[in-house]
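Here is a short report on one protein chain. Look at the sequence and the model first.

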Amino acid sequence: MTTECPFCGMNNAYCDGVEYVCPDCDHTWPCDEIPDDDDWDDD
């Protein structure tokens, strides 16, 4: 699963198990900072 990098905006950052890694700009951040689909409230 990939996600959007909050630093450069490219949509190919991936979680390596501990942190997200953006291969475009080398920015990293903890995987728990991006909410899972289950975390969203649909109300």
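What percentage of the 43 residues of the chain count as buried? The figure is 19%, where buried means under 20% relative accessible area, exposed over 50%, and partly exposed in between (1.4 Å probe, protein chains only).

This is a predicted model: local features need pLDDT of at least 70, side-chain atom pairs count only at pLDDT 80 or more, and totals for chains, interfaces and linings use all residues. Residues are numbered from 1 along each chain as its sequence is written, and side-chain values use heavy atoms, with hydrogens and water left out.

**Fold.** The chain has zero helices and four strands. Its pattern along the sequence is β-β-β-β. Both element types are DSSP runs, numbered from the N terminus: helices are H or I with at least four residues, strands are E with at least two.

**Cysteines.** The whole structure holds one disulfide, defined as a pair of cysteine sulfur atoms within 2.5 Å. It joins Cys-15 to Cys-31, with S to S at 1.9 Å. Cys-15 lies in strand 2 (residues 13–15) and Cys-31 in the segment after strand 4 (28–30), so the bond ties together parts 16 residues apart in sequence. The S-S torsion of Cys-15 and Cys-31 is about 110°, so the disulfide is right-handed.

Cys-22 is buried at 0% relative accessibility. Cys-25 is partly exposed at 26%.
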